There are 2 protein chains.
Amino acid sequence: MHPDKLGQTIKNRREILAITQRDLAELSNMGLRTLKAIENGKSNPTLETMNKLMDVLGMELRIDVRTPKV
Amino acid sequence: MHPDKLGQTIKNRREILAITQRDLAELSNMGLRTLKAIENGKSNPTLETMNKLMDVLGMELRIDVRTPKV
DNA sequence: TCCAAAAGTGCATTATAGCGCTCCTTTCAT
DNA sequence: ATGAAAGGAGCGCTATAATGCACTTTTGGA
């Protein structure tokens, strides 16, 4: 999960929920500037920041053992 | 995924692979101090730091839409 | 038992994530 | 076409993640 992919995932989900960056930032209790950077893959967010977004977006961060491509 | 759970997940995986904190820190190219803090749930790591660990541990960070408990 | 390796922690420093402010660009409904 | 809403970005400040060093505590094999 690299910054670019994280940003796209969050942006896609936000658009599905039909809310603006401003709304998501407020609901997530984070700065608008920070959310913009994350969505554009231009930040290296902390676990806490990612969790705030996951909560509001109805998503969850998971860690799996990487399974070999069959 | 809260800091405590993240730490336990990493520690468990490290022990399965039978390597020391020192080894994992070196292989992951991060400070030993940092790894210790993460394993003990006493840090709020960045995405980059988590990715370094995921790579060496053969794991991956995923984001899923939270499915309602049935 | 005991001791060496491994793990945990206090402290100080450095690097950078998060932030607000400001302004510019893009999008899209009228 | 155009204006308002939404999104993007430069700048500088503050809080804190990452780090190394020194030390203590825990653990497990001989």
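Reader: Which of the 18 residues around DNA strand C come nearest?

Author: Bear in mind that this is a predicted model. The residues that come nearest to DNA strand C are Thr34(A), Thr49(A), Arg14(B), Gln21(B) and Arg33(B). Of the atoms of DNA strand C that come within 4 Å of the protein, 62% belong to sugar and phosphate.

Reader: Which polar backbone atoms lie by a phosphate oxygen of DNA strand C?

Author: A backbone N or O atom of Gly31(A) is 2.9 Å from a phosphate oxygen, and a polar backbone atom of Thr46(A) is 3.0 Å from a phosphate oxygen. On the base side, an N or O atom in the side chain of Arg33(B) lies 2.4 Å from a base oxygen of DNA strand C. The elements that give two or more residues to this surface are helix 3 (32–39) of chain A, and helix 1 (3–16) and helix 3 (32–39) of chain B.

Reader: How do the residues of that surface divide into nonpolar, polar and charged?

Author: The surface near DNA strand C has 2 nonpolar, 10 polar and 6 charged residues.

Reader: What should I look at for DNA strand D?

Author: Among the 16 around DNA strand D, Arg14(A), Gln21(A), Arg33(A), Thr34(B) and Thr49(B) come nearest. Sugar and phosphate make up 58% of the atoms of DNA strand D within 4 Å of the protein. A polar side-chain atom of Arg33(B) lies 3.2 Å from a base oxygen of DNA strand D.

Reader: And away from the DNA, how do I read the core?

Author: In soluble globular proteins, nonpolar side chains tend to be buried together. Here the largest nonpolar core has 32 residues, and those with the most contacts inside it are Leu6(A), Ile10(A), Leu53(A), Leu6(B), Ile10(B) and Leu53(B). Beyond its neighbours within four places in sequence, Ile10(B) is in contact with residues including Leu24(B), Leu35(B), Leu53(B) and Leu57(B).

Reader: Which residues of helix 4 of chain B are buried?

Author: They are Leu47(B), Thr49(B), Met50(B), Asn51(B), Leu53(B), Met54(B) and Leu57(B). Gly58(B) follows helix 4 of chain B and has a positive phi, near 65°.

How values were computed:
Residues are numbered from 1 along each chain as its sequence is written. Chains are lettered from A and ligands numbered from 1 in the order in which they are written. This is a predicted model: local features need pLDDT of at least 70, side-chain atom pairs count only at pLDDT 80 or more; totals for chains, interfaces and linings use all residues. Side-chain values use heavy atoms; hydrogens and water are left out. A residue is near a molecule or strand if one of its heavy atoms lies within 4 Å of it. A polar contact is a pair of N or O atoms within 3.5 Å; within protein, one must be able to donate a hydrogen and the other to accept it, and residues adjacent in sequence count only if both atoms are side-chain atoms. Helices (H or I, at least four residues) and strands (E, at least two) are DSSP runs, numbered from the N terminus. Ala, Val, Leu, Ile, Met, Phe, Trp, Tyr, Cys and Pro count as nonpolar, Asp, Glu, Lys and Arg as charged, and the others, Gly among them, as polar. A nonpolar core is a set of buried Ala, Val, Leu, Ile, Met, Phe, Trp, Tyr and Cys residues joined through side-chain atoms within 4.5 Å. Buried means under 20% relative accessible area, exposed over 50%, partly exposed in between (1.4 Å probe, protein chains only). Contact means heavy atoms within 4.5 Å.
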